[in-house]
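Dear colleague,

I am passing on a structure that you have not worked with before, and I would be glad if you could look through it alongside the notes that follow.

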Amino acid sequence: LAAQNRHYFPNVEGYLTLTGDMHVHTRFSDGDVWPTSRIDEAYLEGIDVEVDRNRGVELITSAADAGLPEAMSKLREMYRTGAGVEMDLREAVKWSEKLVVYLQSSLGEDHIKTLTEKSNLATGYIEIGEYQKAVAVYEQLESQAELIIGKDDLLGFAILNNLGHLYTQFNQHDKAIEMYETAYIIAHKVYGEFSSYSLTVENNLANCYLTVGNYKKAESLMQKVSYVRGKLFGHDHPPTITSLHNQAMLYALQGNIDQAISTGEKAYEKSVKVLGERHPDTLSSLAALAGYYSRANNQTKASSLYQLCYELRCHTLGNEHPDTVMVLYEYATHQIRNNQF
């Protein structure tokens, strides 16, 4: 099954960052904030001055180079999301690494801010395909779990959820399910059954079942998550789009290719609109869609989508990222299978 369906990867919400983005918001237990000048934001957003993004980034970078932690955090998030700069995940990781070093020396290894940023660093390693580095960081965090659970339940949830994602990457599905189930207990108890956190981990648990071929359990969870998200957040909300993408995956694995194409097209179009053409989730939907067309013997369409996905992943993730290598492999396999070389 795995060999026949390598291009079918559900969009897991396994790598959550504790930042001000759409995933999870930072919460520091002591309520501290880092002071910083807002001149950089003035240039970035045009507050009382003409917009000058280059000048804004230059000022933030100068502040980060001078050791201001908020500036490091801001640069990490800007490069991670492409806000005000061209998306560069490796540059984001660089600033996250610098911030961890700063926090370790200034606040100590066990401070909640340090633990939070180490979790974000591990997330960054996942996003650039450095899975072994991510595992090393998360194993450290797991050993410090008793310092986290109870003090900061959101951080504990994110760590367990992200560990589930990593175990899935290494085909350790029993461990992944254990992590997800523990994360769900925390999310359900602290935030409620229909919170975004509970729905996130249910989505990821469904993906585990999908990967191991338990389609009945996967479908049940997916239907619940998709329905609740649509009702609570609307159909153009990123997690709702993720659910749509994963539903297309399920159709494909069940052999319903026409339905997979129809649903996959909707997921891809919405992802481009909401997240942008180069977002990793959008590219996952694009790669999957190419696979559906290949299964449907629409070779011209499949080839064009594979090529587009490969080019965009090279530009966004780099040509050595595991996701880029995978789509190149699928594209080459497709070409060979159809004598298009």
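**The largest cavity and its surroundings**

The lining of the largest cavity draws at least two residues from each of three helices, α3 (69-81), α4 (89-106) and α5 (112-127). Please keep in mind throughout that this is a predicted model. Among the contributors, α5 gives the largest share of that lining, namely five residues. The largest cavity has a volume of about 70 Å³, and of the twelve residues that line this cavity, Arg76, Arg80, Asn120, Gly124 and Glu127 are the closest to its centre. Sorted by class, the lining of the largest cavity consists of four nonpolar, five polar and three charged residues. As for the number of cavities of 30 Å³ or more, the count comes to five.

**The chain as a whole**

The secondary structure of the chain comprises 16 helices and zero strands, and 51% of its 341 residues count as buried.

In soluble globular proteins, nonpolar side chains tend to be buried together. In this model the largest nonpolar core has 69 residues, and those with the most contacts inside this core are Tyr138, Phe157, Leu210 and Tyr292. A second, separate core has 13 residues, including Ala64, Leu75, Val85 and Trp95.

Leu75, from the second core, is found in helix α3. Is Leu75 buried or exposed? Leu75 counts as buried because its relative accessible area is 0%, which lies under the 20% cut-off. With residues up to four places away in sequence not counted, Leu75 touches Ile60, Thr61, Ala64 and Trp95. The C-alpha atoms of Leu75 and Ala92 are separated by 6.8 Å, although these two residues are 17 residues apart along the chain.

**Two buried threonines**

Thr200 belongs to helix α10 (residues 196-211), and with a relative accessible area of 8% Thr200 is buried. The side chain of Thr200 reaches the backbone oxygen of Ser196 at a distance of 2.9 Å.

Thr263 sits in helix α13 (residues 257-275), and Thr263 also counts as buried, its relative accessibility being 7%. Apart from its neighbours within four places in sequence, Thr263 is in contact with Leu244, Gln247, Ala248 and Tyr251. Between Thr263 and Asn246, which are 17 residues apart in sequence, the C-alpha to C-alpha distance is 9.3 Å.

**Two loop asparagines**

Where does Asn171 lie? Asn171 is in the loop between α8 (153-169) and α9 (173-191), and although Asn171 is not a glycine, its phi is positive, at about 60°. Asn171 counts as exposed because its relative accessibility is 57%, a value over the 50% cut-off.

Asn297 lies in the loop between α14 (280-295) and α15 (299-317), and the phi of Asn297 is near 65°, again a positive value in a residue other than glycine. With a relative accessible area of 60%, Asn297 is exposed.

With kind regards

Definitions and conventions
Residues numbered from 1 in each chain as written. Predicted model: local features only at pLDDT ≥ 70, side-chain atom pairs only at ≥ 80, totals over all residues. Heavy atoms only, no water. Helix = DSSP H or I, 4+ residues; strand = E, 2+ residues; numbered from the N terminus. Buried < 20%, exposed > 50% of the residue type's maximum accessible area, 1.4 Å probe, protein only. Polar contact = N/O pair within 3.5 Å; in protein donor to acceptor, adjacent residues only side chain to side chain. Core = buried A, V, L, I, M, F, W, Y, C linked by side-chain atoms within 4.5 Å. 1 Å grid on protein atoms, 1.4 Å probe; cavity = no way out; pocket = protein on both sides within 12 Å on 5 of 7 lines; lining within 4 Å. Points joined across faces, edges and corners; volume = space filled by probe spheres on them. Nonpolar A, V, L, I, M, F, W, Y, C, P; charged D, E, K, R; others polar. Contact = heavy atoms within 4.5 Å.
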